Amino acid sequence: MGRKYFLKKRNLMIIRIISIGNKLNLSESKSIEYFIKQLPKNLQVEFINLKGQQNPKYTHQEVIKKESKLILSRILKKDFVIACDSTGDQINSSQFSKLILRCQKNYKTICFIIGGSFGLSQEIKDNSNMILSVSLLTFPHRLFRLILVEQIYRAHTIMNNMPYHK
């Protein structure tokens, strides 16, 4: 009974995390894997790590434009796109779990976008279904990916009344 929400629909739900930045190191990968292994089998988390385009020859805007092009090439029209940006809406863990549940009912894929160190282009923000600010603090990309996966797991526990989320 504890898995009723995620297992109610047997369809595969994909959460794709597209980020600009370095690949995770071994300890970061193990930390993320810890949470992913606890998710139900019909919820799949995928990572697409794109190389940052920073170069002394490019202005900040040129870097953002190049990174934006890379990101946009990985998003499908049918995805529910959430851009992670400090200018976005802040929600708590309970609201996040409701967002995941709503998306699960209406979309096959939720796509979280994490921009490079210069941020996301306005084009990406304009083409997103939601702009989400997880915190007013600034996090390194590697740590933010872990925080995001932990919140996805926490959302699962909230939906299923499991004690972890308290």
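A search of the whole structure, which is a predicted model, finds 4 aromatic pairs. One of them joins Phe80 and Tyr107, whose ring centres are 5.0 Å apart. The search for disulfides finds 0.

**Aromatic pair Phe80 and Tyr107**

- The ring planes of Phe80 and Tyr107 meet at 55 degrees, so the pair is tilted; an angle over 60 would count as edge-to-face.
- This pair links distant parts of the chain, since Phe80 is in strand β3 (residues 80-89) and Tyr107 is in the loop between α4 (93-106) and β4 (109-114).
- The two residues are 27 residues apart.
- Phe80 has a relative accessibility of 11% and therefore counts as buried.
- Tyr107 has a relative accessible area of 29%, which makes this residue partly exposed.

**Aromatic pair Phe96 and Phe112**

- The rings of Phe96 and Phe112 have centres 6.1 Å apart, and their planes are at 40 degrees, so this pair is tilted.
- Phe96 belongs to helix α4 and Phe112 to strand β4, so the pair ties together parts that are 16 residues apart in sequence.
- Both Phe96 and Phe112 are buried.

**Other contacts of aromatic rings**

- One aromatic cluster is formed by Tyr34, Phe35 and Tyr153.
- The ring of Tyr58 has the charged end of Lys66 sitting over it, 4.6 Å from the ring centre.

- Cys103 counts as buried because its relative accessibility is 2%.
- Cys111 is buried too, with a relative accessible area of 0%; the cut-off for buried is under 20%.

**A backbone angle at Asn161**

- Asn161 has a phi near 50 degrees, which is a positive value in a residue other than glycine.
- Asn161 is located in the segment after α6 (141-159).
- With a relative accessibility of 63%, Asn161 counts as exposed, because exposed means over 50%.

Technical notes
Residues numbered from 1 in each chain as written. Predicted model: local features only at pLDDT ≥ 70, side-chain atom pairs only at ≥ 80, totals over all residues. Heavy atoms only, no water. Disulfide = S-S within 2.5 Å. Buried < 20%, exposed > 50% of the residue type's maximum accessible area, 1.4 Å probe, protein only. Phe/Tyr/Trp six-rings, centres within 6.5 Å; stacked < 30°, edge-to-face > 60°. Helix = DSSP H or I, 4+ residues; strand = E, 2+ residues; numbered from the N terminus. Lys NZ or Arg CZ within 6 Å of the ring centre and 35° of its normal.
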